[in-house]
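Please read the following walk through the model with the structure open beside it.

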Amino acid sequence: MCGFVGYVQAGPGPRPDLRAWSDVIFHRGPDQGGCVQQGPFGVGTRRLSILDLSPAGNQPMRGERFVLAFNGEIYNHWDLRRALAREGVGPDAFRGTSDTETVLRAVEHWGVRTTLARLNGIYALALWDTRDASLTLARDPLGVKPLYVQRGPGGVQFASELKALRPHATGGLDREALALYFVFGFVPSPYTLLKGVRKVRPGEVLRIYRDSCRQAWITPEAWEQPLDPGQTPEEQVRATVEHAVERQLLADVPLGIALSGGVDSTLVAVLAARRTSDLSSFSIRPAHAGGPAAGADADLAAVTARMLGFRHHEIAVRPQEVLEESIVLSMLDEPVNEPYILAEILLSRATREAGVPVLLTGHAADELFLGYEGYTSVQRWLSHNRIPLLGAALPLVDRLPFLPDERRQDYRLAIRGWRRPLPEWYVLSTSAFSVEEAATLTGLPAEGVRAAVDGVMREAVDAAGRLPAGRDLHPLELFARLDLVLNVTDHYNLRLDRASMSQSVEARVPFQDLEVVNTALRLPHTTLLQGGLKGLLKDAFADLLPEEIRGRHKQKFQAPVARWVAEPLAPWVEEWTRRAGGWLDLTPLGAQSHPGRAASRRWSVALLEAWRRDWGLEA
C-alpha cells in the first residue's frame with residue numbers, strides 16, 4: 001500500500017521537485033520513498049511496506065520496458081506468478097516477492113489489458129512505457145484506491161490524493177461539483193471540488209500519449225465466471241467469502257480486524273481466526289448519548305474478540321474532538337456528509353499505535369447482500385407505482401395533521417417519486433438536498449444542476465451494467481447496484497482510504513473481492529433476501545455466527561448526527577454555517593425536514609465551509 005505523484009511534461013521548463021512533492025503524501029508510505037525522472041516523465045512514490053519488506057519491493061519499480069508506481073494489494077499475485085511460470089517466466093525473473101513486481105512482470109509478458117483483467121485486488125497504478133513514451137493510469141473496478149489526474153497545456157499531473165494536486169491546479173472551486181456534493185452528500189466521480197482536476201473512475205483505464213487520451217474499462221476475468229450449478233447458493237457464497245478472507249490475510253506484517261459488533265465484521269473476524277491465531281481487533285465505543293445501540297455494538301465486539309482470542313482494543317470517540325477541525329480537515333481530500341470519519345481516523349490511529357498496519361473491514365456487504373432497511377422502500381415504491389391516480393391523492397394525505405413526521409416524509413417521497421424512472425427516484429430517495437435546493441445554495445441554474453445530476457446517474461447506470469449479472473435486473477437489484485457504484489466507491493471507500501492512510505494503515509475489504517462480487521450479483525434478490533435482509537449471507541454461515549449477532553436488528557455504522565449537531569457540536573456547526581452564509585444562499589436550510597435529515601444538511605454546509613477555508617479556496 002503506497003501513494004504516488006507524477007507528471008508528463010508537455011514542453012521545456014522547470015520540473016516539479018518530486019521528493020518534496022511526494023512528501024505531501026508521506027503518511028501513505030512512511031517506510032520508503034523513491035523518484036524516477038525519464039524524459040518528459042517523472043514519478044515520486046511513498047511506500048507502506050506490507051509484502052516483501054526488503055529493498056526488492058521498493059518503488060518506483062523499473063522493468064525492461066516499463067516504470068511502475070503502484071498503490072494497493074493484489075491478493076491473487078501468487079496465482080499470477082504460477083501462471084507466468086507456466087508460460088516461461090520463472091522465479092529467476094523476479095528479484096523479490098512483492099505484488100508490485102508481479103504486476104510489472106505480468107504487464108511485460110501479457111500486456112496491460114490482459115494483466116488488469118487478471119488482477120484481483122485493490123489498486124491504482126501509473127505505468128510509463130519507455131518505448132512509446134505513453135502513460136497508463138488505472139483504478140480498480142470498485143474504486144477502493146483513489147487516483148486523480150489533471151490535463152492541460154503544460155502536460156499531465158496525477159496523484160493518489162487531491163491535496164497533492166492542489167498546488168498544481170489551474171482552477172478554483174468547481175461550483176458544479178459543489179452542487180453535486182450537496183445532492184449526493186459526496187462528490188461523485190469523475191468530479192472533484194478543484195476545477196480541472198478529475199477522479200479516475202472505478203475500473204477506468206486512461207492511456208495518455210502526447211495530446212491524446214484513450215479510455216477503456218477493466219473487465220475482470222473473475223466477473224466472467226458463471227455460478228456452479230452443482231452448488232447451492234449458500235455453498236457458493238460460503239466458498240467465495242471464505243476464499244476472499246483467506247486471500248486477504250496475505251501480509252508480512254501484523255493484521256487486525258475492525259469489529260463493529262455486526263454480522264459483516266464478525267464474519268470476517270471468525271473466518272480470519274480459523275486461518276491464523278495472531279490477530280488484533282479494534283472497535284469504537286461512542287462516548288456520547290447515542291442510545292442503547294451505541295454501547296451494544298462495542299459490547300458485542302468485545303465478546304466476539306474474547307471468544308476468538310484476539311488482542312482487543314476499544315477506542316472512545318467524543319464528538320467534541322470534531323471541534324479540533326485540523327484532525328479531520330487535514331485528512332480530508334473532499335468533504336463527505338458523514339461525521340463518523342473521525343471515528344475511522346481514531347480507530348486507524350489506535351491500530352497503527354498497536355503496531356498493526358493492516359486492518360480488515362466489512363465494507364460493502366450490505367450493498368451486495370441487501371442488508372439495509374432502506375431497500376424495503378424500493379418494494380413500497382413499486383407498489384405505489386401500481387396504484388392508479390395515487391400521485392394526485394398523496395398530497396391530500398400529506399396534509400393530515402396527525403401523521404407522524406417519519407410517515408409524512410415517506411409520503412412526500414412517494415409523491416415526488418411516483419412513476420418516475422428508477423435512477424431519478426434513486427436520487428430523490430437518497431439525496432441530502434434536492435436539485436433545486438442545491439442550485440439555490442450554489443447560485444447555479446437549476447437546469448444546469450439537473451443536467452449534471454442526470455449525467456452522473458447515466459454513468460452510474462452504465463457502471464452498474466458493467467457489473468456481473470447474467471439476467472434482467474429487478475428494480476431492487478439495480479437500486480443496490482447504484483449504491484455500490486456510487487455510494488460505496490465515492491463515499492465509503494474514499495472515506496475509508498483517507499481515514500486509514502492518514503495513519504499509515506492499509507484497510508482491506510474482503511466483501512469487495514471480485515469473486516465475492518461476482519457471486520453475490522449473480523444471485524437474484526429473492527434468493528439473497530430469503531429469511532430477511534441479508535438472509536442468504538446469514539444462512540450460509542449460520543454455524544459460525546452467534547445467534548445474538550445473526551438475529552440482531554441492523555445498526556448502520558454511522559454517527560448520530562442529530563444528537564451531535566443539536567448539542568456537543570452545535571457551536572462549531574453554527575459558526576461555520578454562519579460563515580458559509582457569506583457566499584452560499586442558505587435558504588434551503590430553513591425548509592421543513594425530518595430532524596435527522598435537517599441536522600445532516602447543516603453538517604454538510606458547515607463541514608464544506610471549514611474545509612474550504614482550510615484549503616484556502618476562494619468562493
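**A walk through the predicted model**

Gly 57 sits in the loop that joins β3 and β4. The model is a predicted one. With a relative accessible area of 1%, Gly 57 is buried, because buried means a value under 20%. Its contacts, apart from residues up to four places away in sequence, are Arg 47, Asp 52 and Ser 98. For Arg 47, the separation from Gly 57 is 10 residues in sequence and 9.0 Å from C-alpha to C-alpha.

The loop between β3 (41-47) and β4 (61-62) also holds Pro 60. The peptide bond that leads from Gln 59 into Pro 60 is cis, and its omega is near -10 degrees. Another cis bond runs from Ser 189 to Pro 190, with omega near 5 degrees. Pro 190 belongs to the loop between α5 and β10.

Two or more lining residues come from each of the helices α3 (99-110) and α4 (112-118) and from each of the strands β6 (121-129), β7 (134-139), β11 (204-209) and β12 (212-217). The largest contribution, 5 residues, is that of α4. Sorted by class, the lining consists of 13 nonpolar, 10 charged and 7 polar residues.

The loop between α5 (175-184) and β10 (197-199) includes Phe 186. Is Phe 186 buried or exposed? Its relative accessible area is 3%, so Phe 186 is buried. Setting aside neighbours within four places in sequence, Phe 186 contacts Leu 180, Tyr 181, Pro 335, Val 336, Leu 486, Asn 487, Asp 490 and His 491. Ser 265 lies 79 residues from Phe 186 along the chain, and the C-alpha atoms of the two are separated by 24 Å.

Ser 265 is part of α7, and it is one of the buried residues there. Helix α7 spans residues 263-273 and is mostly covered, with 10 of its 11 residues buried. The buried residues are Val 263, Asp 264, Ser 265, Thr 266, Leu 267, Val 268, Ala 269, Val 270, Leu 271 and Ala 272. In an α-helix, residues three or four places apart point the same way, because there are 3.6 residues a turn. In α7, the run of buried residues includes Leu 267, Val 268, Ala 269 and Val 270.

Ser 504 has a phi of about 60 degrees and is placed in the loop between α18 (475-501) and β17 (506-508). A relative accessible area of 9% makes Ser 504 buried. Lys 534 has a phi of about 55 degrees and is placed in the loop between α20 (525-528) and α21 (535-540). Although lysine is classed as charged, Lys 534 counts as buried, at 4% relative accessibility.

Ala 580 is located in helix α24, which covers residues 570-580. How accessible is Ala 580, and what does it touch? Its relative accessible area is 0%, so Ala 580 is buried. Apart from neighbours within four places in sequence, Ala 580 is in contact with Val 605 and Glu 609. Ala 610 is 30 residues away from Ala 580 in sequence, with 8.7 Å between their C-alpha atoms.

These local views can be set against the chain as a whole. The chain contains 25 helices and 17 strands. Its C-alpha trace spans about 75 × 60 × 45 Å along the principal axes. The radius of gyration is 24 Å, which agrees with the value near 25 Å that a compact globule of 619 residues would have. Of the 619 residues, 59% are buried. Among contacts between residues at least 6 apart in sequence, 73% join residues at least 24 apart.

How values were computed:
Residues numbered from 1 in each chain as written. Predicted model: local features only at pLDDT ≥ 70, side-chain atom pairs only at ≥ 80, totals over all residues. Heavy atoms only, no water. Helix = DSSP H or I, 4+ residues; strand = E, 2+ residues; numbered from the N terminus. Rg over C-alpha atoms; globule rule 2.2 N^0.38 Å. Buried < 20%, exposed > 50% of the residue type's maximum accessible area, 1.4 Å probe, protein only. Contact = heavy atoms within 4.5 Å.
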